[in-house]
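Reader: Please show the sequence and the structure, and let us then discuss the arrangement of its elements.

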Amino acid sequence: MARLIVLGSAAAVSDAAHDNTHFVLQGDHGSVVLVDCGSNPLVRLKQCDLLHDDLTDVILTHFHPDHVGSLPLMLMQLWLLGRKNPLHIYGLPHCIRGVENMMAGFEWESWPEFFLVAFHRVPERDGVLLLDNDDFRIISWPTRHFLPTIGFRVEVKTSGKTIGYSCDTEPVPAITALAQDVDLLLHEASGEGAGHSSAAQAGQVASEANAKRLELIHYTVSDHLDTAALAAEARTTFAGPIGVAQDFAVYEI
């Protein structure tokens with residue numbers, strides 16, 4: 001059974017129990033797609049019984065430190081662990097350019113016998129085919145954040161299930177479009193304001209899109225975090241099942 005595994009659930013400020021938001025899509029035919037790079041994805045993958053060499057693809061949603069800051073470390077670790085297989089990295093041109101500049105700062109061209117990293121620049125427009133393999137068909141839409149950012153829709157080929165991911169965004173029609181009739185909508189809930197959404201706004205998107213289930217992610221963590229209150233806020237605008245994603249939560253997809 002294909003799985004979505006949450007590796008981190010926090011917004012930009014993480015804590016000991018909640019890493020920055022990133023997750024992995026594990027397919028039935030060998031695909032392991034990492035979405036963004038939290039503090040140390042390889043350690044988290046190992047905790048989920050996934051090997052470092054299982055990783056096939058990386059999707060970077062945007063060039064903010066909590067989403068791409070650990071990519072250089074992960075690439076270095078993969079190299080030191082002896083990776084030989086190519087790694088495919090997908091992102092908007094703005095994000096890929098930032099990653100290339102970041103890696104140039106580490107002089108990665110001097111790392112001997114480095115494995116192939118293939119960058120795929122995703123056009124910044126609605127309904128773009130981002131990735132298509134034996135396990136998943138992933139289509140992206142631009143969101144409204146502080147810099148170019150994408151959310152996306154995942155079609156799971158073996159089960160026929162669909163997943164929507166908002167990434168960081170204010171409520172915009174594109175998110176409703178990518179979430180239309182999905183089995184699971186993973187929506188940020190870091191708070192209403194420029195570039196972000198509240199739990200109630202996430203619920204409104206889920207209602208408008210006729211999503212079957214809503215899971216809140218990328219929320220603000222603190223010593224006073226009340227996940228029940230976060231879910232209750234979303235329940236004011238969405239009548240369907242609601243959860244608050246936790247690190248290492250697993251969803252069969």
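Author: The model is a predicted one.

Reader: In which sense do β1 and β14 pair, and over how many bridges?

Author: Strand β1 covers residues 3-8. Its pairing with β14 is antiparallel, and the number of bridges is three.

Reader: Which strands form the edges of the open sheet?

Author: The sheet has seven strands in the order β6-β5-β4-β3-β2-β1-β14, with mixed pairing. An edge strand here pairs on one side only, and this holds for β6 (117-121) and β14 (250-252).

Reader: What angle does the direction of helix α3 make with that of β5?

Author: Helix α3 (residues 71-80) packs on the sheet, where it touches β3, β4, β5 and β6. Its direction relative to that of β5 is about 170°.

Reader: Is Thr 149 buried or exposed?

Author: Thr 149 is found in the loop between β8 (136-142) and β9 (150-156). Its contacts include Thr 61, Trp 141 and Cys 167, and a polar atom of its side chain lies 2.8 Å from the backbone oxygen of Leu 147. Buried means under 20% relative accessible area. Thr 149 has a relative accessible area of 1%, so this residue is buried.

Reader: Why is helix α6 described as largely enclosed by the rest of the structure, and which elements are included in what covers its buried residues?

Author: Helix α6 spans residues 199-209, and it is largely enclosed because eight of its eleven residues are buried. Among these buried residues are Gln 201 and Val 205. The cover over the buried residues includes α5, β11, β12 and α7.

Methods: Residues are numbered from 1 along each chain as its sequence is written. This is a predicted model: local features need pLDDT of at least 70, side-chain atom pairs count only at pLDDT 80 or more; totals for chains, interfaces and linings use all residues. Side-chain values use heavy atoms; hydrogens and water are left out. Buried means under 20% relative accessible area, exposed over 50%, partly exposed in between (1.4 Å probe, protein chains only). Helices (H or I, at least four residues) and strands (E, at least two) are DSSP runs, numbered from the N terminus. Contact means heavy atoms within 4.5 Å. A polar contact is a pair of N or O atoms within 3.5 Å; within protein, one must be able to donate a hydrogen and the other to accept it, and residues adjacent in sequence count only if both atoms are side-chain atoms. Two strands pair if DSSP finds at least two bridges between them. Axes are lines fitted to C-alpha atoms, for helices over the stretch in contact, and angles run from 0 to 180 degrees between N-to-C directions. Lists of a residue's contacts leave out its neighbours within four places in sequence.
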